[in-house]
Amino acid sequence: VQVVESGGGSVQPGGSLRLSCTASGSTLFREDMGWYRQAPGKQRELVAWIPTTGKTDYIDSVKGRFTVSRDNAKKFLYLQMNRLNFEDTAVYYCNTLFSPYHSWGQGTQVTVSS
């Protein structure tokens, strides 16, 4: 099972990015899923989550700016990020919402700088 995140990049404050996540040969997309991020010198944190059914949710600092969605048929998870700010700079990962986690991918770097 290989999880692959993509879509990161460098943007100015206020900019937008759309992250994607896919996993071949995986049961990942049958599970509740989440987007995580790890900023330099900090622990990995859960940012947004989407159950197989039910409501999405977010940490307070990204509510109203980030939107998580999934396409189970195509096995893709997305994170639309708007109004990015410096504090959003991190490597972003996707995985299941609860442990045991699948093997972590390499993540995708998001850098917000002026």
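**Rings, core and strands in a predicted model**

Colleague: Start with Y36: buried or exposed?
Modeller: The model is predicted, and the values here are computed from it. Y36 has a relative accessible area of 5%. The cut-off for burial is under 20%. Y36 therefore counts as buried.

Colleague: And W104, which class does its relative accessibility give?
Modeller: W104 has 31% relative accessibility. Buried needs under 20%, and exposed needs over 50%. The value for W104 falls in between, so the class is partly exposed.

Colleague: The rings of Y36 and W104 form a pair; what is its geometry?
Modeller: A search of the whole structure gives 5 aromatic pairs. In one of them, the ring centres of Y36 and W104 are 5.1 Å apart, with the planes at 85°. Planes over 60 degrees apart set the class. So the Y36 and W104 pair is edge-to-face.

Colleague: How many residues apart in sequence are the parts that this pair ties together?
Modeller: Y36 sits in strand β4. W104 sits in the loop between β9 and β10. The pair therefore links parts of the chain whose separation in residues is 68.

Colleague: What is the distance between the ring centres of Y93 and W104?
Modeller: Y93 is buried, at 10% relative accessible area. Its ring and that of W104 have planes at 85°, so this pair is edge-to-face. The separation of the centres is 5.9 Å.

Colleague: Where does Y93 lie?
Modeller: W104 is in the loop between β9 and β10, 11 residues away in sequence from Y93. The pair ties that loop to the strand that holds Y93. That strand is β9.

Colleague: What is the relative accessibility of F66?
Modeller: F66 is in strand β7. Beyond four places in sequence, F66 touches residues including R37, V47, Y58, L79 and Y92. F66 counts as buried, because its relative accessibility is 2%.

Colleague: How far apart are the C-alpha atoms of F66 and K42?
Modeller: The two residues are 24 positions apart along the chain. The C-alpha separation is 20 Å.

Colleague: Which residue's side chain is joined to that of Q80 by a polar contact of 2.9 Å?
Modeller: Q80 is in strand β8. At 27% relative accessibility, Q80 is partly exposed. Its contacts beyond four places in sequence include S16, R65 and F66. The polar contact of 2.9 Å joins Q80 to N82.

Colleague: How far from the C-alpha atom of Q80 is that of Y36?
Modeller: Q80 and Y36 are 44 residues apart along the chain. Q80 is in β8, whereas Y36 is in β4. Their C-alpha atoms are separated by 13 Å.

Colleague: How many strands does the chain have?
Modeller: The count of helices is 0. From the N terminus on, the elements run β-β-β-β-β-β-β-β-β-β. The number of strands is 10.

Colleague: What radius of gyration does the chain have?
Modeller: The C-alpha atoms fill a box of roughly 40 × 25 × 25 Å along the principal axes. A compact globule with 114 residues would come out near 13 Å. The chain agrees with that, because its radius of gyration is 13 Å.

Colleague: What share of the accessible surface belongs to carbon and sulfur atoms?
Modeller: Buried residues make up 44% of the 114 residues. The accessible surface comes to about 6,100 Å². The share of carbon and sulfur atoms is 48%.

Technical notes: Residues are numbered from 1 along each chain as its sequence is written. This is a predicted model: local features need pLDDT of at least 70, side-chain atom pairs count only at pLDDT 80 or more; totals for chains, interfaces and linings use all residues. Side-chain values use heavy atoms; hydrogens and water are left out. Helices (H or I, at least four residues) and strands (E, at least two) are DSSP runs, numbered from the N terminus. The radius of gyration is taken over C-alpha atoms; the globule rule is 2.2 Å times the number of residues to the power 0.38. Buried means under 20% relative accessible area, exposed over 50%, partly exposed in between (1.4 Å probe, protein chains only). Accessible areas come from the Shrake-Rupley method with a 1.4 Å probe; for residues, only the protein chains shown count as cover. Rings of Phe, Tyr and Trp (its six-membered ring) pair if their centres lie within 6.5 Å; planes under 30 degrees apart count as stacked, over 60 as edge-to-face and the rest as tilted. Contact means heavy atoms within 4.5 Å. A polar contact is a pair of N or O atoms within 3.5 Å; within protein, one must be able to donate a hydrogen and the other to accept it, and residues adjacent in sequence count only if both atoms are side-chain atoms.
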